Amino acid sequence: MRNPHKWIVWWAWALLLSGCSQPGAGILPETEAPALAQVPAIVEQVFPLEPIEFDEPGGMVDETPTAWFIQFGAAPRVKGGSPTAQANERALFRSTALAERIAFTERYDFHTLFNGLSVNAGPAEIAKLARLPGVTAVFPVETIVMPEPRPGIAPELYSALAMTGADVAQNELGLTGTGIRVAVMDTGVDYDHPDLGGAWGSRVTYGWDFVGDAFNADPTSADYSPIPEPDPYPDDCNGHGTHVAGIVGANGSVVGVAPGVTFGAYRVFGCEGPTTADIMVAAMEMALDDGMDVLNMSIGSAFEWPQYPTAVAASNLVDAGMVVVASIGNSGAYGLYSAGAPGLGEDVIGVASFDNTDVYVPYFSVDGAEIGYIAMTYSGPVPTAGTEEIVYVGQACDADLPLLADPAGKVALAVRGACSFAEKAANAIDAGAIGVVIHNNAPGLFSGSLGAPLDGVTPVVGISQADGLAIQELEEPVDLTWTDEMTSAPNPTGGLISSFSSYGLSPDLALKPDIGAPGGNIYSTYPLELGAYDTLSGTSMSAPHVAGAVALLLEAEPGIRADEVRGVLQNAADPKLWSLNTSYGLLDHVHRQGAGMLDIHDAIISPTRVTPAKIAMGESEAGAQRHTLWIENRGETAVTYDLTYVNALSTGGVNAYDEFGFYGGDASVAFGAMSVTVRAGGKAPVRMTITPASGPEYGQYGGYIVATPDDGGPVVRVPFAGFVGDYQGIAVLTDLQTQDGPLPLPALGWSLDGVEFGLAGEGDVFTLAGMDVPYVLAHFDHQATTVELNVIDRATGKSVHPVFHSAYVLDYFGRNSTMGGFFALEWDGSYFHSASANGRGKQQQFFRSVPDGDYMLELRVLKALGDMNDADHWETWTSPWFTIARP
């Protein structure tokens, strides 16, 4: 009997879903800086990860895809595909599906950037469609979550421009992006905004609304409305797209990176809720038809492969002459390999986020000084007026010891450290404090969280170390006056990688992200009816900094090819220090910041170009690798370049919950010569041998090759990154981690509704009527190249179908995002079969159903980049036997 009480009450990642986009965890929970620890000598240093809190799972959510991409074999037209061949593939597909009585509905038909269809089909039907003649792959049409606005502390956009050299490019080089067309695929653009032209046709002169206001692709929403209602006017009722467009090129109260560009607005979201990936591909094809020079996509799907259709279509746009920029994602809290498509695309510029250098924060006044503060998450309401006495109470960590001063009826000033913010605040409130101010124990402001509401009334805020010490030095009594005003303050994390920015590498070990730009706390335009301006954070905000910079580069160098642009930007980028502790002087991970911070001024003025502009080392078990870089000197005199290298931090573990840690790198680079002289207008090779890092096992490492010119010109760098050890040594199928301990997976499952799942046992009976079908429940700790489900006859112990004729096969399978995520793979009792037809040897594909009887399901997973002929590269699990007994 099935156990009706053995329910899995964690997030259900349903059948064949290759990694729905999950919102990243905003600001990481505050803890103290990690201490340096001793580790084996294979690495220099290790830094334990600060704890990451995962959201508690809610009720089960049915995320089974109902829409799919069908990919055909012929090339898309931008790659030279034949219209006749494409038409023949569709005709054969449709006729065979009709003959086999496979139910599906077509959504979109793509020819230019992607050769295939998107369709609505159930899980059983898509398994059959995947095996029809001419079909080379199927992918879920992912529901793309609308980028989550991350309210920030308001800075000027100008400070972000200064971080990338865009201000100098504008003011000294006179560049504005005039004549360059930049497409913004997003929630639309408020083209009535005066900073964006003031009317349709002024600066926003191209575009289309693909969906309409009411569109919402979330089937769990009360406002679910999946039928697009397109129209010609891509206005913005959400705000995200207008904010993005302002960063690219606003020109008014806010000035963007390239204030002279012409916009195309391609709206793919309604006012609320997600969109779908096939609508994104449709928008890409229209942007190409409209002759856009640059496309910005501040949207994407985490945990994907670069083979996903949005990534492939975006890369094909680059081949067609358009520069494509995409956010890498906000899933940094979910660990490695969390970057998203289309940013993972082979030729796409995938962009990480750095925090802005300056912030505007509310302040209270003490003795005439403006004391900027940041309210703690879960603080009570902060007053905007009123005067109270403030007293210093010390660390306030021990509830059994008296505080240094009595805070009853006053505001308590405590110092950060030794215990949590919540403990300090609770102890002060219990002693009668009517407000709590915690000052930093290191320079700068900080953001903190209480973890949960305390009394819901008492304000709890954080201030800088300098301000806290200054208050302590004042003669008592000291009064604090709350205000409703703002003041400027240095951002303590300014110029460092944002806490939410996703980690690479790509699951095929390509180096991603490519580059970074300001994305944390960016002030920009917003729809007029929503306030006209706002501050948001995310890689959504960093991508348009790069898109605007591309416009400046295209204006400065009209002859540059689209596929050259990324390398030019990477050459000039500036790697930044580790975001969690700059005092160690170590560079942040290459697989998180890419080439580093965008420097568009240096990219434009530098006479030096180096190709290739990045090096993917792959697996280190292959040993040292020889590489050749070509340095081009576009200047008027010969230049000698000194050659060096520097390591960046490495990471250990696979996901944020798998013994994730930070390590010093020990990769090395041996140059054929320590310098090279390149004549004016010439090129010269730089030959080198790169020896991979020796640890940590299954970790990622990286560094930078540095070419320093003797003429004082900009330094040029080339990032490299790779994997330590045997990549196929990573376990893909692992137990599900729950609050009650590990739940062994894979497992045989059952469901009454496809939403909640129970664990089935040996001898359970399935009727195959309605939802009464067996499932394989599996947690994927890492992406997989191929997933197969085979059907085994219990009596013979052999497969009921020939080799390669599995119940279904899926390629480029994404990983689960959290320790509690899993996929539910459904089997409807059928399998693929082929046989001769009409006695003429012609193969006709069709499907068979197994007879009633006892069976087992075999799950086979080919690990990422695995060799299908190497048994060690496969993981295999076989279910308990069960019975099929149709009514």
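# Reading a predicted model

Q: Which residues is Thr205 in contact with, apart from its neighbours within four places in sequence?
A: Its contacts are Trp200, Thr262 and Phe263. The C-alpha atoms of Thr205 and Gly264 are separated by 6.1 Å, although the two residues lie 59 residues apart along the chain.

Q: Is Ile690 buried or exposed?
A: Ile690 is buried, because its relative accessible area is 0% and buried means under 20%. This residue is found in strand β37, residues 683-691. Between the C-alpha atoms of Ile690 and Gly623, which are 67 residues apart along the chain, the separation is 8.9 Å.

Q: How can the chain be described as a whole, and how many helices and strands are there?
A: The chain holds 13 helices and 54 strands. Of its 887 residues, 59% are buried. Sequence separation can be read from the contacts: among those between residues at least 6 apart in sequence, 76% join residues at least 24 apart.

Q: How many residues of helix α5 are buried?
A: Ten of the ten residues of α5 (residues 240-249) are buried. Among them are His240, Thr242, His243 and Ile247.

Q: How does strand β18 pair with its partners, and in which sense?
A: In a regular strand the side chains alternate between the two faces of the sheet. Here, strand β18 (residues 358-366) pairs with strand β25 (residues 478-490) in the antiparallel sense over eight bridges. Within that pairing, Phe364 has Trp482 of β25 as its bridge partner. β18 also pairs with strand β19 (residues 369-372), again in the antiparallel sense, over four bridges. Val366 has Ala369 of β19 as its bridge partner. Two residues stand between the strands of the β18 and β19 hairpin, where Asp367 takes a positive phi near 55 degrees.

Q: How many cavities of 30 Å³ or more are counted, and what lines the second largest cavity?
A: Rolling a probe the size of a water molecule over the atoms shows where empty space is left. In this model the count comes to six cavities of 30 Å³ or more. The second largest cavity has a volume of about 100 Å³. Its lining has 14 residues, and the closest to its centre are Ala124, Ala127, Tyr808, Asp828 and Ser830. Helix α2 (123-129) and strand β50 (830-837) each supply at least two lining residues. The most comes from α2, with four residues. By class, the lining of the second largest cavity divides into ten nonpolar, one polar and three charged residues.

Conventions. Residues are numbered from 1 along each chain as its sequence is written. This is a predicted model: local features need pLDDT of at least 70, side-chain atom pairs count only at pLDDT 80 or more; totals for chains, interfaces and linings use all residues. Side-chain values use heavy atoms; hydrogens and water are left out. Buried means under 20% relative accessible area, exposed over 50%, partly exposed in between (1.4 Å probe, protein chains only). On a 1 Å grid over the protein atoms alone, a cavity is a set of points where a 1.4 Å probe fits but cannot get out, and a pocket is an open set with protein on both sides within 12 Å along at least five of seven lines; lining residues have an atom within 4 Å of a point. Grid points are joined across faces, edges and corners, and a volume is the space filled by probe spheres set on the points. Ala, Val, Leu, Ile, Met, Phe, Trp, Tyr, Cys and Pro count as nonpolar, Asp, Glu, Lys and Arg as charged, and the others, Gly among them, as polar. Two strands pair if DSSP finds at least two bridges between them. Contact means heavy atoms within 4.5 Å.
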